[in-house]
Amino acid sequence: MKKHSFLLLVLTLFLTACEEVFEYHPNQIRLNDSELGLTARNVEKIRQQNPDDTVRIVVMGDTQRFYDSAEKFVKAANKLKNIDFVMHQGDISDFGMTQEFRWVHDIMKNLRFPYLTVIGNHDLLANGKKVYQQMYGDLNYSFVYGQVKFIFLDTNGREYDFNGIVPDITWLQAQLAHTPESDWQQAVIVSHMSPFGGDYDSRLSIPFQQTLEQSGRVHLSLHGHEHNWQTIEQEASDITYHITTSTNNRGFSYVEIWNGGFRIKRIHY
């Protein structure tokens, strides 16, 4: 009896010690404290910086299972100087599994700059939405840096069966409402899907574009998803929609934003 009790004790201690080793189900969510609330933590880091007249950001995305390419991206981005922060355009994971999010964060945390994310359609698979909310935070959020308001928006309409409420146009309109007390002069939109793709809720494509145009404060909208470069400028609008290629294509966008203007450079690594 004593022998069995001893073996049971050893087995219990072994399983407890190896809690980090065993994964009991691919959709289980288990994160360390250092992996929780990353958006709020990194926004706070960005706010502690002192922006000059030009905001400089690196825009990349669609890491999915391209871990080797993601590591090369970090090395390439770290060679740049005076970067304010990095933006991941979504599809952090491929199947929405916790371990995928953790692997990508383990790579991205080696950046010399804070990084922010927006949720992609692949991130919404399985328990991905819950993982994203715990690991990063809200699906829609915004913050002001310098005189620029950055608005991150879930636009993955197909993943919600094109239910007519993703993206949340009402929330977007509220974010773009500018008053004399506002501490920002222009806004930049960040989302995984552009309003021109087949996975975007077609009923909300025009309302989305009209919302940006009517604000008079948006000149740049940044996106991913297509795994290719694309820059769309419409005759009747002064808004540029820029799509950055995926990590496995070894490219990212370097974006400079100043009062009344911006410049985009495509960088291959």
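A residue counts as buried when its relative accessible area is under 20%. With that cut-off in hand, let us walk through this structure, which is a predicted model.

Start with helix α4, where Thr98, Glu100, Phe101, Arg102, Val104, His105, Ile107 and Met108 are buried. Eight of the 11 residues of α4 are buried, so the rest of the structure largely encloses this helix. The cover over these buried residues includes α2, β1, α3, β2, β3 (115–117) and α5 (128–135).

Helix α3 has its own set of buried residues: Ser69, Ala70, Phe73, Val74, Ala76, Ala77 and Asn78. They pack against β1 (55–60), β2 (85–88), α4 and β10 (251–258). How far apart are the end C-alpha atoms of α3, and what span should its 12 residues give? At 1.5 Å a residue, the helix (residues 67–78) should span 16 Å, and its end C-alpha atoms are 17 Å apart, which agrees.

| Helix | Buried residues |
|---|---|
| α3 | Ser69, Ala70, Phe73, Val74, Ala76, Ala77, Asn78 |
| α4 | Thr98, Glu100, Phe101, Arg102, Val104, His105, Ile107, Met108 |

**A buried loop residue**

Between β1 and α3 runs a loop, and Gln64 sits in it. Is Gln64 buried or exposed? Its relative accessibility is 6%, and because buried means under 20%, Gln64 counts as buried. Leaving aside residues up to four places away in sequence, Gln64 touches Asp91, Ile92, Ser93, Asp94, Val104, His122 and His227. One of these contacts, Val104, is among the buried residues of α4. Gln64 and Val104 lie 40 residues apart in sequence, with 8.2 Å between their C-alpha atoms.

**The largest pocket**

The largest pocket has a volume of about 170 Å³. Its lining is made up of Ser34, Leu38, Arg41, Asn42, Lys45, His105, Met108, Lys109, Leu111, Phe113, Pro114 and Tyr115. Two elements, α2 (38–47) and α4 (98–108), each give two or more residues to this lining. The largest share, four residues, comes from α2. By type, the lining divides into six nonpolar, three polar and three charged residues. His105 and Met108 belong to the lining, and both are also buried residues of α4.

**The annotated region**

An unreviewed UniProt entry lists residues 56–228 as "domain: Calcineurin-like phosphoesterase". Over that stretch the chain is 29% helix and 20% strand, and the end C-alpha atoms are 22 Å apart.

Definitions and conventions
Residues numbered from 1 in each chain as written. Predicted model: local features only at pLDDT ≥ 70, side-chain atom pairs only at ≥ 80, totals over all residues. Heavy atoms only, no water. 1 Å grid on protein atoms, 1.4 Å probe; cavity = no way out; pocket = protein on both sides within 12 Å on 5 of 7 lines; lining within 4 Å. Points joined across faces, edges and corners; volume = space filled by probe spheres on them. Nonpolar A, V, L, I, M, F, W, Y, C, P; charged D, E, K, R; others polar. UniProt positions renumbered as here; feature names shortened; annotations may be inferred. Expected span 1.5 Å × (residues − 1). Buried < 20%, exposed > 50% of the residue type's maximum accessible area, 1.4 Å probe, protein only. Contact = heavy atoms within 4.5 Å.
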